Amino acid sequence: MQSQAHTHLNFEASINNTKQLNALYKPVLFNTKNSTEKQNLADLLANKPHIQIFDCIESQIEELIKCLKPGIPPTELKKVAENHRGSTSLFDYGIWVYYPWSDKLVHLLDEEEFVVVRTNRNKHKITAEEQTTLSQKKIGVMGLSVGQSVSLTLAIERGFGELRIADFDELDLSNLNRIRTGIHNIHLQKTVIVAREIAELDPFLKVICFHEGITDDNIDAFLTENGTLDLLIDECDSFDVKISAREKAKALGIPVLMEGSDRCTIDIERFDLEPERPVLHGFVEHIDMSVFKTLKTLDEKVPYIAPVTGIETLSPRMKASAVEIMSTISTWPQLASAVTYGGGITADLSRKILLGSLKISGRFFIDIDELITDDVPAPEVVEEPRNKHLDPLELNTYLSVHKIGDGTKGDPIPESLIHKLIASASKAPSGGNNQPWHWHYKNDTLHLFLNKEVSGAYLDPDYISSYASLGASIENLLLETAVNELGVEWSFTPELFPDHIAYFNFKGKHEVSEDEKKLAAQISERHTNRKFGKTQEANTADLDQLKAVIEAEEIGLHWLTAAEDKTVLGDISGQADLLRMFTPAAHKDFIKKEMRWNQEQILETADGIGINTLDLSNQDQIGLRLMKDERAVEFLKKIKGGNAFKYLALKQFQSSPAIGLITLPQHSPLDYLKGGMAVEKLWLTATALGYQIHPVNVPLIFFYKNNVQELNDLPDESRKQIFNLHQKLKHLFKITDNIAEIFMFRIFKAESSPQRTIRKPLNKTLSIGTA
């Protein structure tokens, strides 16, 4: 005790050094039964007469007696307490504790008696033997935002003998939404704040601070110096530290406990019992976390962060918040309530692990929102049938009834050639890659049907998207027919729309042109590219050539190239994308019918858009995955969030030298079919010229729903928004009210997309009928 007193006197010499004062977190203890320490205390009081003194030692002794002799009558308590004290004066009984950071002096029982009283009300939730065992345990806590609550709860419960705490950060004002401390501590080291609070709870607990946080230089000391930790509690924000600390803990056989305040996510890794257990349950085995510290941008870090946090298991509000990071908020949100009960749960689990009454490993959720909630009817789950295709027998019957193309008949062609033609036709683009075509070859005539089983989604009103896709497929078929030198007579069958679309009879020979060869060669190369374009001016000659390729009869192609116009158009597209997310039926179609979220889904359905084909950054891809949760989308709409989606569209449009719009005079199925043929011809030509195309049709479809579709469920608020967006688009392209906007697209130079959307096998889109 003498050395502690001298430490205090040395401190007195530099009491005006604010920096040194701010670093103090250990109290000074005076045992006045020792004459030297008694004099040191007297000197302190003389030099600092303003010190606040708290002396209730007499009542503490009485409380000690009640703890030792629970049945003692109240009338005898004072007498027994006096006998217990014996000849020792009240002033000299126990110890005096001085807190230099607050200039407070407190008179306490000595350590042994203090522990008896302070842990008395733990009994028998914690037995005396268990409390003794806990007092010999060493715990390390990394990170002191959530970790502050954990550390203080452990200290209150006296769940350790030594606590090592690590955090490099100082307290910011924004931290006070979840860290329980005073505003006077702003810019004070978090380790100092926690250590001081523990010292004020219990001056006998040993706390060791690592003010620089966990580093490569000190991690070994944190885990092993003065004895190996019995438990590592991870609450730090650094993902590379999370992994490197676990790897070392695993080698040392130290169990690891982590609590995430969102949904009170608990990770327990019993490396002491399972030495071969993979770090973080194997979630990060596929990535090299050693490179994490070299990464600069959030987009680079996302693939490393996602497996640790578990993107799919975040709460709806956290998913929505993750989308808003760096848009309307600067970091991950946390609430004091979640942090507080998370601290309690972590301390509870810590005790059980250290006492050997809990041996399990794994990830667990103690989600209050799920455990205590109003009764909400479970949503009706309707499984979407997969691999939906048309029945050849039913098609035979349909053709027999309608006698399509009676009086005409093509020359027979080998089945291998039919396969070749349809393989090219099937490489056409389609909305959501739904591939709405079904080809049926019977009696030497090829028929095209609309597969309504995969069409008619929310953004396929009146089948307009499917009609355009069928038109593109027809264009591919005709080009493949031409390069195989087949003559063909064909016709649309508008009287049978939307079931039967067209029929084709192959007759005689065709002399293929150079233009047909050139376009057909691009069928396999053409694909949707959603990358940002290379910054460059639009090539007027190329745009004129593309215009000349398709402008025939009433088909029009309009270009926008001015930077300010592209910015406005990017905003229109971004708002439409957000409207799609916020419209429940459209969102459901996008998530369930259109998107394929993993390779298994892609191979199972052979349709839809694989998330790996979207050319998205890591950050944007995670943002899209977060939007799978309807509750997250609903909350995002409530807070008027989602600007990240608008920013993405804006960046895409600004990086493109030109935006094109194909129009026809009417909104008839025939116009959309012809428009689809023009789209494919333009797209193939652009591909030959070295350009990439990205369709941007969501705004056009909303305009159609608002103006043309007879029955739709657009709310009035959405109608007004769509109307205003439509007026802006018409003004930009200088088009009139009575025109059909068939197809809008970005055109730009960029690398080809490495991943392409899948196509169904021919046996799903082609059938051979019998006579």
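Which residue in strand 10 is the bridge partner of Leu 257?

1. Basis. This is a predicted model: local features need pLDDT of at least 70, side-chain atom pairs count only at pLDDT 80 or more, and totals for chains, interfaces and linings use all residues. Residues are numbered from 1 along each chain as its sequence is written, and side-chain values use heavy atoms, without hydrogens and water.

2. Strands 9 and 10. The partner is Ile 268. Strand 9 (residues 256-260) and strand 10 (residues 265-269) run antiparallel, joined by 5 bridges. Two strands pair if DSSP finds at least two bridges between them. The hairpin has 4 residues between its strands, and Arg 263 takes a positive phi near 60° there.

3. Strands 8 and 9. Strand 8 (residues 231-234) pairs with strand 9 in the parallel sense, over 3 bridges. Ile 233 stands opposite Leu 257. The β-α-β crossover from strand 8 to strand 9 passes through helix 11 (residues 239-252) and is right-handed (clockwise from first strand over helix to second, with the strands pointing away from the viewer).

4. Burial of strand 9. Of its 5 residues, 4 are buried (under 20% relative accessible area, 1.4 Å probe, protein chains only).

5. Gln 131. This residue sits in helix 7 (residues 128-134). Gln 131 is buried, at 10% relative accessible area. A polar atom of its side chain lies 3.0 Å from the backbone oxygen of Arg 158. Beyond neighbours within four places in sequence, Gln 131 contacts Thr 119, Asn 122, Ile 126, Glu 157 and Arg 158 (heavy atoms within 4.5 Å).

Notes: Helix = DSSP H or I, 4+ residues; strand = E, 2+ residues; numbered from the N terminus. Buried < 20%, exposed > 50% of the residue type's maximum accessible area, 1.4 Å probe, protein only. Polar contact = N/O pair within 3.5 Å; in protein donor to acceptor, adjacent residues only side chain to side chain.
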